[in-house]
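Please read them beside the coordinates.

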Amino acid sequence: MQLADLNSIEERIKLVEETVRPFTNRSKELDENGTFPFENFNELKEIGYPAITIPQKYGGLGISLYEMLRHQETIAIADGATALSIGWHMGITKHNGDNNSWKDEKYQEFATDVINTGALLNSAATEPATGSPTRGGKPETVARKSDEGEWVITGRKTFTTMAPILSYFLVSASIEGKDQVGNFLVKRERQGVTIEETWDSIAMKATGSHDLVLTDVYVKDDDLVGYLTPGKKSPAGWLLHIPACYLGIAKAAQAYAVNFATDYSPNSIKGTISDLPNVKQKIGEMELRVMQSSSFLYDVAKKWDESSDEVRGSMQPELGAAKLSVVNQAVEIVDLAMRIAGARSLSKQNPLQRHYRDVRAGIHNPPMDDMTIMQLGDKAIEQNS
């Protein structure tokens, strides 16, 4: 069964739920070994998942942001690393297709590959010397024009999530001799493209976020698909895949803790620990945070789907606030879950310790909390001036 064959959001969510169910059982081994979840991605490709954010005019389903986030949360409940990883492809594919960011022929070529083969894309923008691209550093990766009119790219990119399986890299590079930064679509099979396995994080270990090394990589003139202004970021609803992922991880931790509390009955009490006021309070606090986060996240997503380009252009503070709030609440939810489970939550055999490590990675995903708070401050001042 393919997602493209189903007519409703709920039918598609059900198929995704069924597909990702085995992911949970693989998470422990993938995390412990730091290996990449190839099997998970193959199963997502089998139902045509990578193609559903491609606009209909290019042959995809053109799903809404709201639906994309529902799917991403569903995947994250089963396996956070897989969800965060494929979320980048889903969001970037949606953003560039919806906004006609590339030339039509170039996007259609890419879209056809995704539809036919499940090809995956991610941005390669972060570098050791520049830090987060959101801070405005100019790439040290350089693109120069050859005598034959092709682009030649050299540089190194860090945090290239899904590096083991990507077919395309969207590489930011400073253009030699000009005060411009270009975005280049680089195919994996290009000579000079290599992956250096550097990913040693204790969080999101199965994302394969290795270094991309580009050594005199020749690409065609039309592989320059756009220009960037370092530090300038237009509102991007697709980045809500980040809080959707961490909300899913938090829900997985919540479910584990509630099941534990309703099953565990030490001989010092009658009934289970879920009957104890202090445990019931923590369960209630988790549920409150889940309700708040879900409402905030999906209300902002629906507003994005229903708004004009003009309104979307003013939504950066709301998008940032949703990410900040949901991610930080997700951290608190996992912490509460661990308090309910007690010291056994720190066992290597217990999934809560993995959820704890993984959920904290969200703090370091864009946009950064300090930038969001400043934007909210500016918005409040502007509204009252």
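1. Basis. This is a predicted model, in which local features need pLDDT of at least 70 and side-chain atom pairs count only at pLDDT 80 or more, whereas totals for chains, interfaces and linings use all residues. Residues are numbered from 1 along each chain as its sequence is written, and side-chain values use heavy atoms, with hydrogens and water left out.

2. Aromatic pairs. Searching the whole structure gives twelve aromatic pairs, where rings of Phe, Tyr and Trp (its six-membered ring) pair if their centres lie within 6.5 Å, and planes under 30 degrees apart count as stacked, over 60 as edge-to-face and the rest as tilted. In the pair of Phe-36 and Phe-38 the ring centres are 5.0 Å apart and the planes stand at 65 degrees, so this pair is edge-to-face. Phe-36 is buried, at 10% relative accessibility, while Phe-38, with a relative accessible area of 40%, is partly exposed (buried means under 20% relative accessible area, exposed over 50% and partly exposed in between, with a 1.4 Å probe and protein chains only). One aromatic cluster is formed by Tyr-58, Trp-102, Tyr-107, Phe-110 and Tyr-168.

3. Charges over rings. The charged end of Lys-145 sits over the ring of Trp-151, at 4.7 Å from the ring centre, and that of Arg-344 sits over the ring of Tyr-264, at 4.9 Å from the centre. The criterion is that NZ of Lys or CZ of Arg is within 6 Å of the ring centre and within 35 degrees of the ring normal.

4. Helix 7 and helix 11. The axes of helix 7 (residues 241-263) and helix 11 (residues 351-360) come within 10 Å and cross at roughly 155 degrees; the axes are lines fitted to C-alpha atoms, for helices over the stretch in contact, and angles run from 0 to 180 degrees between N-to-C directions. The two helices are therefore roughly antiparallel, a label for angles over 145 degrees. On the helix 7 side the contact (heavy atoms within 4.5 Å) is made by Tyr-246, Ile-249, Ala-252, Ala-253 and Tyr-256, and on the helix 11 side by Pro-351, Leu-352, His-355, Asp-358 and Val-359. Helices (H or I, at least four residues) and strands (E, at least two) are DSSP runs, numbered from the N terminus.

5. Backbone geometry. Most residues other than glycine have a negative phi, and most peptide bonds are trans. Phe-159, in strand 3 (residues 151-160), has a positive phi of about 50 degrees although it is not a glycine, and this residue is exposed, with a relative accessible area of 51%. Met-162, which lies in the loop between strand 3 and strand 4 (168-175), also has a positive phi, near 75 degrees, but Met-162 is buried, with a relative accessible area of 0%. The peptide bond from Pro-366 to Pro-367 is cis, with omega near -10 degrees, and Pro-367 belongs to the loop between helix 11 and helix 12 (369-383).

6. Two helix residues. Which residues does Arg-289 touch, not counting residues up to four places away in sequence? Arg-289, in helix 8 (residues 277-306), touches Gln-329, Glu-332, Ile-333 and Leu-336. Gly-87 lies in helix 5 (residues 80-98) and counts as buried at 0% relative accessibility; with the sequence exclusion of up to four places, Gly-87 touches Gln-72 and His-241.

Methods
Parallel < 35°, antiparallel > 145°, perpendicular 65-115°, else oblique.
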